[in-house]
Amino acid sequence: MSENKKAEKIVGVKGMNDILPADAPLWELFENTVQSVLKSYGFQQIRTPIVEPTALFARGLGAVTDIVEKEMYSFVDSMNGDPLTLRPESTAGVVRAALEHNLTYDGPKRLWYAGPMFRHEKPQRGRYRQFHQVGAEALGFAGPDIDAELIMLCQRLWDDLGLQNIRLELNSIGNADERNRHRADLVAYFEQHKELLDADAQRRLHSNPLRILDTKNPVMQEMVNAAPKLLDYLGEESRAHFEGVQKILRHNSIPFTINTRLVRGMDYYNRTVFEWVTDQLGSQGTVCGGGRYDPLVEMFGGKPTPACGFAIGVERLLELMKANGEQFAPNQCDVYVVHQGEAAQLQAFVVAERLRDAGLDVVLNCATASGGGSFKSQMKRADASGASFAVIIGDDEVAKGVANVKAMRVENVEHNQTEVPFESVPDYLIAQITCGDECNDPNHHHHH
């Protein structure tokens, strides 16, 4: 092998994406908004492990769901033989944690989470093998009021993010008895129209016939539209609950449409189910899905506990924010410090620290493989950093005990450089940044 052969590059796992610094401001804006909205409704954050026992999902999601059948990253821990799975969603883990730590013993809990999920599906636009979700779970609340609150929380989030084109679809899938009666009639109906069922539908006919209602196949559309509707099978209590949710939404002017075909992929849902959908992302229209899952806590061995929640697909929502023209000019810093010479470098560190003490974001020019860089090349970097000001220190400045402060974002180049004594630089810059109209640059709004 020749000495200078380059090492082979290793690339990331297919369908698992790097979120690069250029995207960070968008993610941060989203995450900060989510955090403040959830906090304003009294939700508390919970962080559960990314890896859970495989049995948790097999039991919680139902063995015949697509996720458990073919999308889970499951493996055996080679150290001790434990069957483990990377979480494909977070509700099961949150409920496990709530049970394990007895969270609801002193009353109901409003919880939220954010983080990566893993599903082994074909990567495509808006679908990744590692993707992110933000979700809320309200444990211990039985009435229609919490369902409505969760929906209103979502509406507030869309408003705060400046998203207009998201609409709410609502349905009730009743309880197990009601679904079983409906299901029997549904299977009978599909059997009568067997010649129209595609291979996928035939496979699901007896394992999960509700999913056939979800079909995108145009050939089956008309037949599916005429299928028995679950809403007609709801009993007194389920109907009253669903009416209750609608009443609160109407009173708060939250528009919605009832979509009788709306179902959920997981086995544990009951009563209210909802989706926030958009037409702006092509076929992948759902940005948020949720509903009630009263049976789940008991399925995991806890006392019967009502529960309701939702999950948002973060990547999808960020696509929507971009489509809505959210502009992010990421400023790396407020001040870029340029220096040349050893004495100047030492002084530059002191000035940079004092500026950070004053609450400013500062980038200090550091040496690269080719050295410290000329004043000219450093000024180029200062400009690229988006900084409002450059602080320049060379041998002359050190001798005089001053820094040259240059306003980088002004039209009028004549008077954009000022000599300021080292110890006054922080005060001078804070004054420049906060003085608004009296400054050279009335358009500069500062974020501190």
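Let's start with Ser-385 and the residues around it. Setting aside neighbours within four places in sequence, Ser-385 is in contact with Asn-331, Gln-332, Cys-333 and Tyr-336. Keep in mind as you look around that this is a predicted model. Ser-385 sits in the loop between α13 (375-384) and β14 (389-393). Is Ser-385 buried or exposed? Its relative accessible area is 2%, and buried means under 20%, so Ser-385 counts as buried. Its side chain also reaches the backbone oxygen of Ala-382, at 2.6 Å.

Now jump to another loop residue, Thr-48. You'll find Thr-48 in the loop between β1 (44-45) and β2. Thr-48 is buried too, because its relative accessible area is 13% and the cut-off for buried is under 20%. Which residues does Thr-48 touch, once neighbours within four places in sequence are left aside? They are Arg-87, Ser-90, Gly-93, Val-94, Arg-96 and Ala-97.

Let's take the two pairings one at a time. Strands β2 and β4 (residues 83-86) run antiparallel and are joined by 3 bridges. Across this pairing, Val-51 stands opposite Leu-86 in β4, while Glu-52 has Thr-85 as its bridge partner. Here's a handy rule for reading strands: in a regular strand, the side chains alternate between the two faces of the sheet.

Together β3 and β4 make a hairpin, with 6 residues between the strands. Look for Gly-81 in this hairpin: Gly-81 takes a positive phi, near 80 degrees.

Time to move on to helices. Helix α1 (residues 24-40) packs with helix α11 (residues 314-323) at an angle of about 110 degrees, and their axes are 11 Å apart. Angles of 65 to 115 degrees count as roughly perpendicular, so that is how α1 and α11 are described. Which residues make this contact? From α1 come Leu-26, Trp-27, Leu-29 and Phe-30, and from α11 come Val-314, Glu-315, Leu-317, Leu-318, Met-321 and Lys-322. Sort the residues of this contact by type and you get 8 nonpolar, 2 charged and no polar.

How many of its 10 residues are buried? The count is 7, so α11 is mostly covered. The buried residues are Val-314, Glu-315, Arg-316, Leu-317, Leu-318, Leu-320 and Met-321. Besides α1, they pack against β6 (130-139), α5 (144-161), β10 (286-292) and β11 (307-313). After α11 comes Gly-325, whose phi is positive, near 75 degrees.

Definitions and conventions:
Residues numbered from 1 in each chain as written. Predicted model: local features only at pLDDT ≥ 70, side-chain atom pairs only at ≥ 80, totals over all residues. Heavy atoms only, no water. Pairing = 2+ DSSP bridges. Helix = DSSP H or I, 4+ residues; strand = E, 2+ residues; numbered from the N terminus. Buried < 20%, exposed > 50% of the residue type's maximum accessible area, 1.4 Å probe, protein only. Contact = heavy atoms within 4.5 Å. Axes fitted to C-alpha atoms, helices over the stretch in contact; angles between N-to-C directions. Parallel < 35°, antiparallel > 145°, perpendicular 65-115°, else oblique. Nonpolar A, V, L, I, M, F, W, Y, C, P; charged D, E, K, R; others polar. Polar contact = N/O pair within 3.5 Å; in protein donor to acceptor, adjacent residues only side chain to side chain.
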